[in-house]
Amino acid sequence: MAMTGKCVCGAVSYRIDAQKSEIGACHCSMCRRWSGGVYMGMEVKPDEIIFDGADALTTYTSSPWAERAFCSKCGANMYYRVTAPGPHHGVYHLGAGTLDDHAGLTLSGELYIDIKPDAYSFKGEHHTMTKAQVEAMFADAGG
């Protein structure tokens with residue numbers, strides 16, 4: 001069964017042709033500014049997603065290893081995509097809030113855990129990475 005999602009105005013929509021069950025959280029300062037809080041995303045490989053209305057997407061190179069995309073009509077944040085060479089190249093991290101259905105999704109991990117604001121936390125055990133660990137991962141990939 002395909003998973004679907006869209007921006008606020010519906011100009012950009014997508015279909016994921018793979019079953020996903022996990023989302024991750026990023027606490028870096030850029031994701032907090034971009035999302036207005038913690039960024040919750042779902043990892044999707046480039047061959048697993050089809051966009052409709054992609055001409056309404058605007059991308060912004062936000063770091064040496066990634067770009068962020070938003071709908072140019074309503075401004076909704078759509079995804080973060082890895083542009084650095086290496087094993088993560090081209091992988092999307094779709095904003096979990098853009099999904100039409102969140103049933104069955106669980107939190108699998110948190111990035112930049114060492115700079116997470118004190119105002120919130122997530123229950124349960126899951127994978128965590130510090131700022132240094134995340135940035136080393138992309139530095140090793142040539143980013």
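I began with K6, which is partly exposed at 40% relative accessibility. My cut-offs: buried is under 20% relative accessible area, exposed over 50%, partly exposed in between, with a 1.4 Å probe and protein chains only.

Note on the source: this is a predicted model, where local features need pLDDT of at least 70, side-chain atom pairs count only at pLDDT 80 or more, and totals for chains, interfaces and linings use all residues. Residues are numbered from 1 along each chain as its sequence is written, and side-chain values use heavy atoms, with hydrogens and water left out.

I looked up salt bridges next. I took one to be a side-chain nitrogen of Lys or Arg within 4 Å of a carboxyl oxygen of Asp or Glu. The structure holds five.

Entry, K6 and D100. The two form a salt bridge, with the closest N and O atoms 2.9 Å apart. This pair links distant parts of the chain, 94 residues apart: K6 sits in strand β1 (residues 3-6), D100 in the loop between β9 (92-95) and β10 (106-111). Strands here are DSSP runs of E, at least two residues, numbered from the N terminus. D100 is partly exposed, at 41%.

Entry, R15 and D17. I found a salt bridge here, the closest N and O atoms being 2.8 Å apart. D17 is partly exposed at 45%. R15 is partly exposed at 36%.

Entry, K20 and E48. Their side chains meet in a salt bridge at 2.7 Å, N to O. They too link distant parts of the chain, 28 residues apart: E48 lies in the loop between β4 (39-44) and β5 (49-52), K20 in the loop between β2 (13-16) and β3 (22-26). Are these residues buried or exposed? E48 is buried at 15%, and K20 is buried at 17%.

Conventions
Helices (H or I, at least four residues) and strands (E, at least two) are DSSP runs, numbered from the N terminus.
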